[in-house]
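Student: I am new to this structure. Please take me through it step by step.

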Amino acid sequence: MTTIYGEVASGFEPVRAAFMENFTRHGDLGAAVCVYRNGWPVVDLWGGVADAETGGPWTRDTLQLVYSATKGATATMAHMLVQRGALDLDAPVAKYWPEFAANGKADIPVRWLLSHQAGLVALDQPVPLKEALAWHPMAAALAAQRPLWTPGTAHGYHGRTWGWLVGEVIRRVSGRSPGRFFADEIAAPLGLDFFIGLPASERNRVSRMVYQRPNVDLTTLPTESVPEELREQVAAWRDPNSFSNRAYAVTDPPEIDFDSPEVQAAELPASNGIGTARALARMYAALIGEVDGVRLLSPDALASATEEQARGKDQVMLIPSRFSAGYMLPTESNPMTGPDAFGHTGRGGSLAFADPEHGVAFGYVMNNIMGGTDDVRAASLVDAVRRSLV
């Protein structure tokens, strides 16, 4: 029996029960969940193992890589610059990053980078991983890249490239790398245990990930045996030239070891944020209200940041998706706690979001990387939060 540590405010006991059930029934190995309500923590729980090989326990201060949940932190940086008048989302990217104008991209607005509409999901020539981790070679490759669809006419999840695209705009405008900007302007004022570019001194606190393989590899089945609603996606997974595959093959080699010290120390603002559930919930709480006197975005800036920019069939994921300028918006498969919520998922199950209507901010991180329709861990926790709000 896994021991659950931490605290839950009166009325939020269903979240503790759902968190325990994630360990007993739904596959969690090590995990943490945190919920803020009206600027105050009402759930702060953790448990399990941080390293399945050694049995090392998950502690209050265990850090976890959260994959694309990082994008919410990066979007927040961009909107802070907008709020300050330093960045205009409707201005051409080339205003801030002149080299980006190459190959017919002179008129692409910053807004389309944030909302996955720029058509830059992949590279014609992948960049060696070592160079990509050094930042500038990847930024140069994306500046030279031709769009793969007419920008603004469709949207598709820029799973890897989004971080360098938006991050380079942040760097050009602020004069600081995204990781440095986040540390100075968000983490320090709020006291967040979250990093984009992990310092070597924090390495020993990072949980080690375990990757679960699906029970059935749909790509190996005859087409007639694949559920009809999944056939288009499975066909894309089988095709090495599909956007679904190319979007995650922008480096050479394409497989990135996110447990490696080199990857964790680099700045990948789309996918290698490392921190606690507490930090994610606290950041989102400071987007919708004050947390210990700190608010990151004004109500007007938040309304602009969370306004829908793209919806419908995603050219990469091949399912319906919705995006504001940087944040995921609720869908049938990820309703969060209400229609006004905004946030971001991460590969394998992590989730962080805020819901201004209910005054709620949520963060969930875990080291058992599952994903897929069988993974109900985050959804079970969110459902428990929703029931606690009644």
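Student: How many cavities of 30 Å³ or more are there?

Tutor: This is a predicted model, where local features need pLDDT of at least 70, side-chain atom pairs count only at pLDDT 80 or more, and totals for chains, interfaces and linings use all residues. Residues are numbered from 1 along each chain as its sequence is written, and side-chain values use heavy atoms, with hydrogens and water left out. A cavity is a set of points on a 1 Å grid over the protein atoms alone where a 1.4 Å probe fits but cannot get out. With 30 Å³ or more required, the count is one.

Student: How much space lies in the largest cavity?

Tutor: Grid points are joined across faces, edges and corners, and the volume is the space filled by probe spheres set on the points. For the largest cavity this comes to about 40 Å³.

Student: Which element gives the most to the lining of the largest cavity?

Tutor: Lining residues have an atom within 4 Å of a point; among them are D44, L45 and W46. Strands are DSSP runs of E with at least two residues, and helices are runs of H or I with at least four, numbered from the N terminus. Two elements give two or more residues to this lining: β3 (40-51) and α12 (277-288). The most, three residues, comes from β3.

Student: In β3, which residue is the bridge partner of A32?

Tutor: Strands pair if DSSP finds at least two bridges between them. Strand β2 (residues 30-37) runs antiparallel to β3, with eight bridges. Y5 has W46 as its bridge partner in β3. The partner of A32 there is also W46.

Student: Which residue in the turn between β3 and β4 has a positive phi?

Tutor: β3 and strand β4 (residues 56-57) run antiparallel, joined by two bridges. Their hairpin has four residues between the strands. The positive phi, about 80°, belongs to G55.

Student: Is R377 buried or exposed?

Tutor: R377 lies in helix α14 (residues 377-388). Buried means under 20% relative accessible area, exposed over 50%, and partly exposed in between, using a 1.4 Å probe and protein chains only. R377 has a value of 0%, so this residue is buried.

Student: Which residue has its backbone oxygen 2.6 Å from a polar atom of the side chain of R377?

Tutor: R377 touches N22, H26 and D28, among others, not counting residues up to four places away in sequence (contact means heavy atoms within 4.5 Å). Its side chain reaches the backbone oxygen of N368 at 2.9 Å. The backbone oxygen at 2.6 Å belongs to G348.

How values were computed
Polar contact = N/O pair within 3.5 Å; in protein donor to acceptor, adjacent residues only side chain to side chain. 1 Å grid on protein atoms, 1.4 Å probe; cavity = no way out; pocket = protein on both sides within 12 Å on 5 of 7 lines; lining within 4 Å.
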